[in-house]
Amino acid sequence: MAYVFAGLYAMKIRFIFLLLLSPSALAHYIPSLTQATTVDASLAVSWSSASQVGDYDFWQIPGTLMGGDAWPTRKGVDINEMNIGLSHRLDDNLFAVIKLGSHSAGTDSHGAVDLEHAYVGWVCCDEFGPWVVEAGKMSALFSPALGVHGAERLSSDTPLVLDVLFGRHFHDQGIRFWLHETGGFSVGAELWKGQAFPATDSEKGGAWDIFGRYQWQGQRLHLSAGAWLYSATAEARADHRYGGGHQHNPVAPPGQAAAPFPDIRYSGDTNIGGLHGAFSYQLNQRWQLGMEAEWMQAKLDGIVHKNTGIQAQLDGTHSGGWLQPFITRDKHTLAIRAELLSMKNTLTGPAAPVLAAESGLANPLEHDPQRLSLIWRWQWRDHLALRAQAVRDNSLVEREHYLLLGVVWQQRLWPHVAAARDHHH
Amino acid sequence: MTATFLSSDYKLLAISLFFLPLLLGCPQQSSTTVDDQGASVSAFSWNLPANIPLPKEPADNPMSEEKFQLGRHLFYDPRLSMNGSISCSSCHHQDKAFSDGLSRPQGATGVQHPRNSQGLVNVAWMNTLTWGNPVLTSIEQQVTLPLFGDDPIEHGINESNFEQILMDLQADSHYAALFSAAFPEQEEPLFGEMAWDNIIKSLASFVRGLTSFGSAFDRGELSVAAQRGSRIFHSERLECFHCHGTYNFSNATIDRQTSFLEAQFHNTGLYNTDGSGAYPHPNTGRHEITGRAAHMGQFRAPSLRNIALTAPYNHDGSVATLRDVIANYAAGGRHTTSGTHAGDGRMNPYKDGFITSFSISAEETDDLVAFLESLTDHDFINNPRYADPWLMYSQGSTP
């Protein structure tokens, strides 16, 4: 009897661990034939002890061109994200996925809900596959961390390199063709319309990527590793966090300054290559340890320009990544995430000095952005986790220390089976 | 079981080897290198504030102090006209920021010009140089119009008098030294076929060197009323800054950093003489050059620097005060109820999209005017460097 309980306990620990590592239904999921219709929801809320930047400042990491939804951490309570997703298996081959999501944004955010996933898929040929074709609006698969939601990470915040190179989230319209986890291997290609940073949805815009990865699950060891290439083209890409359309002059309270955002645009190519890997090792029934890491390097070849007719050639190499060792005991996970960015830029042209300053590409102190986080996550209930994070943030020249406390709810609402999760195809 | 663990260990080793390059492949030190390709270098001492980029200098007429000083003498010399009656300075008075205070000036023959004299303020930073010509983009080109133009006649220099005018200049000992200093590579720069070319280049150099960036606005010394006016000016309600933006308060601003700037012209709804958008002949603006109906009544937005000194306003000087200009914009155009130019400019179909009307109180108008007045550069209008050198000679001093 004790042996049975010990076995069940070990299974539960394994389930919790897999919950942390595996992509969820909200990230990417092929609904199974046995549970044709599933509904999943998640909510992540956090409290921060400090803001990364002032109320009327822009979060611009020196040496980078930021954009997308890479908003800074702000003091106080923030709803990091809410998601609800519906997946349905139509028949042996066809399935459809719809997901609505809302993410934290700037100070003037009104909590807009976006249609983040709306795609149909076709899966077949189990004897030499399965091969999967998906089309519609969806998250990318080339970098696993890019499709992971805040509720599914150990930490409350997104890795810096994803903030800088991909604007935190990646949801785009496109088509994906891939060999799905056949013998542990997945390879595929994705073609995107260009609605997700760093591409633009324009005549010359768009993006594509190819990826391959290997996953292996043993008795004690789980590992995965992969590589990818992503290529985007942008036309007059704006930093839509603060710029983009019609510019408004910010109004600050008396005594405070609010400078207008210099709406610098980027036109050109962004080619990014990445490597990622994760492993975990189950020491015994209660203890596990492991590590996750991803490193990527972007080549920027284009021009930065402004509506006043000034431009400069940009040749940039931006590299970065993170390393996250962790140890789990029962329902508690302790992790350290170390992050580093490096940017080498050359701007050429008569307007290079002013555009370097206004775009944020200038880096006179040759600052290497870094961030170190000590993370604790407690899976308090089957569907409810608490997490705490102490951050030493050196993404900007001025170092900032802050605490993040968060609560995460993540649950399959239909069919309602406590602590149950579908297997992936 | 043993075999399984061995296998797991090997995989652990493999994955560790995978992470190794991630750990070892630490990125290089960050840096950003900037090469402005010489854009911040000039042989001429522009004396500009740090935030103002250098203007473009034509390759065939780079700025020099000697050409600037020669051009200054020519600018104030009435001998440079058909009858010795006018000089450039006749219509461009320094105390009025080089405008003349008239609705429309007269040339050497007394013919009235159809256009208002523009102030000559930071002309070097303008991408087009007249009220309505989109292809006139160099000061050297523009200088030839008042000198040699015959419709209307301004200086009235033509084939019948240009040799005599040149001889008058050659007879002045001041010019011999000035021309030699300005064009040292030429043996006799005031004689021969290069003489008029040298005159034009020198006049252009003087006009190009008239720089004004010393207002209260530039010094950050706005009065409380001007600060309120600045907020109104930059508000979405009035939209002034769209056409009068940049450091030169005009969307026709260009400098060495500018790669390309489309010529901007705007119909502000001043006229609508036929109900279909017509402006009074011959002042139809950009339309005069292109002939396109859509360009009817389009004029370039002037710089607002020293604007308080350059009344009356608009292309034909038909608006007397800054308050009248603001009132026209507030109404979304001008409704002329009588006279030969009667018509409702507010209904002009070619009117610019930003001229949509807005509400503004009398106090706000005062504040806005206070802001515009803060753009007056008193150092500029009193700078002896830009003053009449002949006057200094007559007073016994050296310019």
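The model is predicted.

**Where the chains meet**

Chain B gives 31 residues to the contact and chain A gives 46 residues. On the chain B side, helix H1 (2-24) and strand E1 (31-35) of chain B are the elements with two or more residues in the contact. H1(B) gives the most, with eight residues. By class, the chain B side that touches chain A has 11 nonpolar, 15 polar and five charged residues.

Strands also link the chains. Strand E13 (residues 332-348) of chain A pairs with E1(B) in the parallel sense, over five bridges. Within this pairing, Thr33(B) in E1(B) is the bridge partner of Thr346(A).

**Two domains in chain B**

Chain B is divided into domain 1 (65-212 + 380-394) and domain 2 (216-376). Taken over C-alpha atoms, the centres of these two domains of chain B are separated by 27 Å. The domains touch: 26 residues of domain 1 of chain B are in contact with 31 residues of domain 2 of chain B. The domain 1 side of that contact divides into 11 nonpolar, 12 polar and three charged residues.

**Helix H2 of chain B and its partners**

Which way do H2(B) and H6(B) lie relative to each other? The axes of helix H2 (residues 65-75) of chain B and helix H6 (residues 195-208) of chain B cross at roughly 95° and come within 7 Å. The two helices are therefore roughly perpendicular to each other. Residues of H2(B) in this contact include Phe68(B), Leu74(B) and Phe75(B), and those of H6(B) include Ile199(B), Leu203(B) and Phe206(B). By class, the contact of H2(B) with H6(B) has eight nonpolar, three polar and three charged residues.

H2(B) also packs against helix H5 (residues 173-182) of chain B. Here the angle is about 150°, and the axes are 8 Å apart. The crossing of H2(B) and H5(B) is left-handed. Among the residues that meet are Glu66(B), Gln69(B) and His73(B) in H2(B), with His174(B), Leu178(B) and Phe179(B) in H5(B). The contact of H2(B) with H5(B) divides into five nonpolar, three polar and two charged residues.

Lys67(B) and Leu70(B) of H2(B) take part in the contact with H6(B), and Lys67(B) and Leu70(B) also meet H5(B).

**Strand pairs in chain A**

| Strands | Bridges | Sense |
|---|---|---|
| E3(A) (residues 94-103) and E4(A) (residues 114-124) | eight bridges | antiparallel |
| E4(A) and E5(A) (residues 131-139) | seven bridges | antiparallel |
| E10(A) (residues 265-282) and E11(A) (residues 287-305) | 18 bridges | antiparallel |
| E11(A) and E12(A) (residues 311-329) | 19 bridges | antiparallel |

Ala96(A) stands opposite Val120(A) in E4(A). Gly121(A) stands opposite Glu134(A) in E5(A). The hairpin of E4(A) and E5(A) has six residues between the strands, and Cys125(A) takes a positive phi near 65° there.

A hairpin joins E10(A) to E11(A) through four residues. Asn271(A) stands opposite Lys299(A) in E11(A). On to E12(A): Gly316(A) in E12(A) is the bridge partner of Leu300(A). E11(A) and E12(A) form a hairpin with five residues between them. In that turn, Gly309(A) has a positive phi of about 90°.

Notes
Residues numbered from 1 in each chain as written. Chains lettered and ligands numbered in written order. Predicted model: local features only at pLDDT ≥ 70, side-chain atom pairs only at ≥ 80, totals over all residues. Axes fitted to C-alpha atoms, helices over the stretch in contact; angles between N-to-C directions. Parallel < 35°, antiparallel > 145°, perpendicular 65-115°, else oblique. Contact = placed C-beta atoms within 7 Å. Nonpolar A, V, L, I, M, F, W, Y, C, P; charged D, E, K, R; others polar. Pairing = 2+ DSSP bridges. Domains from an automatic or database assignment. Left-handed = near helix turned anticlockwise from the far one by under 90°.
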